[in-house]
Amino acid sequence: PRLSLRHAATATPPLASPLCRFEPRGLPSSVHLYFYDDHFQGYLVTQAVQPSAQGPAETLEMWLMPQGSLKLLGRSDQASRLQSLEVGTEWDPKERLFRNFGGLLGPLDEPVAVQRWARGPNLTATVVWIDPTYVVATSYDVTVDADTEVTQYKPPLSRPLRPGAWTVRLLQFWEPLGETRFLVLPLTFNRKLPLRKDDASWLHAGPPHNEYMEQSFQGLSGILNLPQPEPAEEAARRHAELTGPALEAWTDGELSGFWSVAGLCAMGPSSCPGLELCRLTSWSSVSPDPKSELGPVKADGRLR
C-alpha cells in the first residue's frame, strides 16, 4: 500500500495534489488475487487511509501488478526452444503452475526454478543462481529431451536466503539462453511483531559463511562476468542491520523494481479529485460483474 500511496502523491495531475496525499491506517483490510482470461494480473489491496490534509478517513483499493523480468538471450535453434524461466514456491506439478501466484518470497522460503520449452532438438542446459551480492549460490544441469515441455528443480539452498534481487541464468556451453530476476523480500515482521535488530541481523544476513551449498560455485564468477562483489557486500551488511522505517524504506525500494501500481480507486467519496470510484473501474473487486448477478427465476425456468 505504501507504494500506491506514494504513487498517488507523486503522479501527474490531476492526482498530484496536496489533496491526494494519504497515510495508511493500520494494515490492509483485504487482498484479492486478480485474474484476467485465466492469467494472474496482480493483487487488489484494500486499505483504510487518512488524508494528509484535513478530512474524514477513506478506503482505497490499489492494483499492484508484477513486472516481468525474463530475458531470452539465445540465438541458436536450440536456444529458441526456451519459452519461459520462472522462480517461485508452491509448484503444482499436475497443473504446471505456481500456487503462490504473486511469487512473493522471504528469506526462509524454498524456491523452485521452472523452465518451459517448445519441442526441438535435445539439449543440456546449465542453471545458475546468483544472489544479490554476486555469490554463485548453486549451479546444476537439466536435460531437455526432444519432447520435454517443462523442467523444474528445487535446489537445497541453505537458508536464510539473502534479501534482494536474485538472478537465475540458463546457459548452454556457457553461452546464455535466458535469465530472470526474482525478489527475496526482507521481513518487516517476525512472529507477528515488528522485526527487532537481533532478528534482522541473522534473518537478513544470508547463510553462514555465504555458503548456500556444501560445494562452492564461486569459481564460476569469472565465466559469468559477474561484477566485483565488494560494493554489494557492503550494502548488504548495512541492510542486515535495518529495522523500523529504514527497513520499510529498503523493502519498498526493492518492491518498486518488481511491482508497479496499475490502478488506484476510492471505495467512496474522496478528497482527491482525480480518484475514480472503484465501482466504475473495470478492474476493482467491487466493479460490476454481470455474470455473477442472479435475479429471480423466469417463467420458463431460466435465470437469464
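Tutor: Start with one residue and its contacts. Leaving out residues up to four places away in sequence, Gln152 touches Trp91, Val112, Ala113, Val114 and Gln115. Keep in mind that this is a predicted model.

Student: Where does Gln152 lie?

Tutor: Gln152 lies in strand E12. Strand E12 covers residues 150-153.

Student: Let me step back. How many helices and strands does the protein have?

Tutor: Four helices and 18 strands. The C-alpha trace spans about 65 × 60 × 35 Å along its principal axes.

Student: How much of the protein counts as buried?

Tutor: Of its 304 residues, 42%.

Student: What about charge? How many positive and negative side chains are there?

Tutor: There are 28 positive and 34 negative side chains. The centres of the two sets lie 4 Å apart.

Student: How do I read contacts across the whole chain?

Tutor: Ask how far apart the partners sit in sequence. Take the contacts with a separation of 6 or more: residues 24 or more positions apart account for 63% of them.

Student: Which domains are assigned?

Tutor: Two are given. Domain 1 is 1-65 + 261-280, and domain 2 is 68-241. Their centres, taken over C-alpha atoms, are separated by 32 Å. The contact between them takes four residues from domain 1 and four residues from domain 2.

Student: How do I read a helix?

Tutor: Think of its turns. An α-helix has 3.6 residues a turn, so residues three or four places apart point the same way. Now take helix H3, residues 230-239. Ala232, Ala235 and Ala236 are buried there. Seen down the axis of H3, the buried residues fall within an arc of 100°, so they line one face of the helix.

Student: What should I look for in the backbone?

Tutor: Look for exceptions. Most residues other than glycine have a negative phi, and most peptide bonds are trans.

Student: Which peptide bond is cis?

Tutor: The bond from Arg159 to Pro160 is cis, with omega near 10°. Pro160 sits in the loop between strand E12 and strand E13 (164-172).

Student: Which residues have a positive phi although they are not glycine?

Tutor: Glu90 is one of them, with a phi of about 60°. Trp174 has a positive phi of about 65°. Glu90 is in the loop between strand E6 (82-88) and strand E7 (91-92). Trp174 is in the loop between E13 and strand E14 (175-184).

Student: Are Glu90 and Trp174 exposed or partly exposed?

Tutor: Glu90 has 52% relative accessibility, so it counts as exposed. Trp174 has 35%, so it counts as partly exposed.

Student: Where is Gly120?

Tutor: Gly120 is in the loop between strand E9 (112-117) and strand E10 (123-130). Its relative accessible area is 21%, so it is partly exposed. Not counting residues up to four places away in sequence, Gly120 touches Arg81 and Ala146. The C-alpha atoms of Gly120 and Asp145 are separated by 8.1 Å, and these residues are 25 apart along the chain.

Student: One last residue. Is Pro93 buried or exposed?

Tutor: Pro93 is exposed, at 59% relative accessible area. It is found in the loop between E7 and strand E8 (97-98). Pro93 and Arg304 are 211 residues apart in sequence, with 39 Å between their C-alpha atoms.

Conventions:
Residues are numbered from 1 along each chain as its sequence is written. This is a predicted model: local features need pLDDT of at least 70, side-chain atom pairs count only at pLDDT 80 or more; totals for chains, interfaces and linings use all residues. Side-chain values use heavy atoms; hydrogens and water are left out. Helices (H or I, at least four residues) and strands (E, at least two) are DSSP runs, numbered from the N terminus. Buried means under 20% relative accessible area, exposed over 50%, partly exposed in between (1.4 Å probe, protein chains only). Contact means heavy atoms within 4.5 Å. Lys and Arg count as positive and Asp and Glu as negative; His and the chain ends are not counted. The place of a charge is taken as NZ of Lys, CZ of Arg, CG of Asp or CD of Glu. The arc is that of the directions from the helix axis to the C-beta atoms. Domain bounds come from an automatic or database domain assignment.
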